[in-house]
Amino acid sequence: MTRSIHLDIKAPYSPNKYLIEQSDAEMLRSELCIGCAACVNACPFDAIGIVDNSKRVIHFSPEKCGNCSFECNDVCPTRAIERRPDKITLEFEYAFCLECGRRLMRTKKEAEYYAQQLLKMGEKVEFAFICDECKMKKISSVSDKYSGYLI
């Protein structure tokens, strides 16, 4: 079953409408956060936590921050984090594969961000919304079609 999705790629990816709780978050621009969790893996003090259930929840706990080199800032692809983030909890919906409907291991905002990057490179944006298994099926079907031409 193939599904389709309408993307308004000309517009910036949608702001985070799933904000749960927030203090005065001037160090974390929640509208830019795509929920990729790169900051979670980079934080040496476990000050950024993640829960992956039916939705991805990322919690920033500045009280756990130590004396670091702001690794979370460096790995953020959208530069949503500046210095030490304020206390905030963000919730993100997952994206689903357009081909098979399985839940992807990335959020909708993350997939939209990747789609924009693919568009800038002149690539097909739908690959941001297709699971790895379906991508492999597409690649193998193309290589089977041209197998006589491949060396």
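**Before you start**

The model is predicted, so to speak of local features a pLDDT of at least 70 is needed, side-chain atom pairs count only at pLDDT 80 or more, and totals for chains, interfaces and linings use all residues. Residues are numbered from 1 along each chain as its sequence is written, and side-chain values use heavy atoms, with hydrogens and water left out.

**Stop 1: the largest nonpolar core**

Select Cys39, Ile48, Ile58, Phe60 and Leu90. Of the 17 residues in the largest nonpolar core, these five touch the most other members. A nonpolar core here is a set of buried Ala, Val, Leu, Ile, Met, Phe, Trp, Tyr and Cys residues joined through side-chain atoms within 4.5 Å. Buried means under 20% relative accessible area, exposed means over 50%, and partly exposed lies in between (1.4 Å probe, protein chains only).

Now colour helix H1 (38-42), strand E3 (56-60) and strand E4 (88-92), the elements that give two or more residues to this core. Helices (H or I, at least four residues) and strands (E, at least two) are DSSP runs, numbered from the N terminus. E4 supplies the largest share, 3 residues.

Apart from this core lies another one, of 13 residues, including Ala95, Leu98, Ala115 and Ala128.

Which residues does Cys39 contact, leaving aside its neighbours within four places in sequence? They are Ile48, Phe60, Cys72, Val75 and Ile81, where contact means heavy atoms within 4.5 Å.

**Stop 2: a buried threonine**

Next, go to Thr89 in strand E4. Thr89 is buried, with a relative accessible area of 8%. Show His59 as well: a polar contact of 2.3 Å joins the two side chains, Thr89 and His59. A polar contact is a pair of N or O atoms within 3.5 Å; within protein, one must be able to donate a hydrogen and the other to accept it, and residues adjacent in sequence count only if both atoms are side-chain atoms.

**Stop 3: salt bridges**

A search of the whole structure finds 9 salt bridges, each a side-chain nitrogen of Lys or Arg within 4 Å of a carboxyl oxygen of Asp or Glu.

- Select Arg29 and Glu82, whose closest N and O atoms are 2.8 Å apart. This pair links distant parts of the chain, 53 residues apart: Arg29 is in the loop between strand E1 (19-22) and H1, and Glu82 is in the loop between helix H2 (71-75) and E4. Arg29 is partly exposed at 27% relative accessible area, and Glu82 is partly exposed at 31%.
- Select Glu99 and Lys138, with closest N and O atoms 3.5 Å apart. Glu99 lies in the loop between strand E5 (94-96) and strand E6 (103-107) and Lys138 in helix H4 (residues 132-145), so the pair ties together parts that are 39 residues apart in sequence.
- Select Lys137 and Glu133, where the closest N and O atoms are 3.8 Å apart. Both lie in helix H4, 4 residues apart, about one turn of the helix.
- Select Asp52, Arg56 and Glu110, which salt bridges with shared partners join into one network.

**Stop 4: a charge over a ring**

Show Tyr94 and Arg103. Arg103 lies over the face of Tyr94, 3.9 Å from the ring centre; this calls for NZ of Lys or CZ of Arg within 6 Å of the ring centre and within 35 degrees of the ring normal.

**Stop 5: two positive phi angles**

Finish with the backbone. Ala37, in the loop between E1 and H1, has a phi near 70 degrees, a positive value in a residue other than glycine. Phe70, in the loop between E3 and H2, has a positive phi of about 55 degrees although it is not a glycine. Ala37 is buried at 8% relative accessibility, while Phe70 is partly exposed at 31%.
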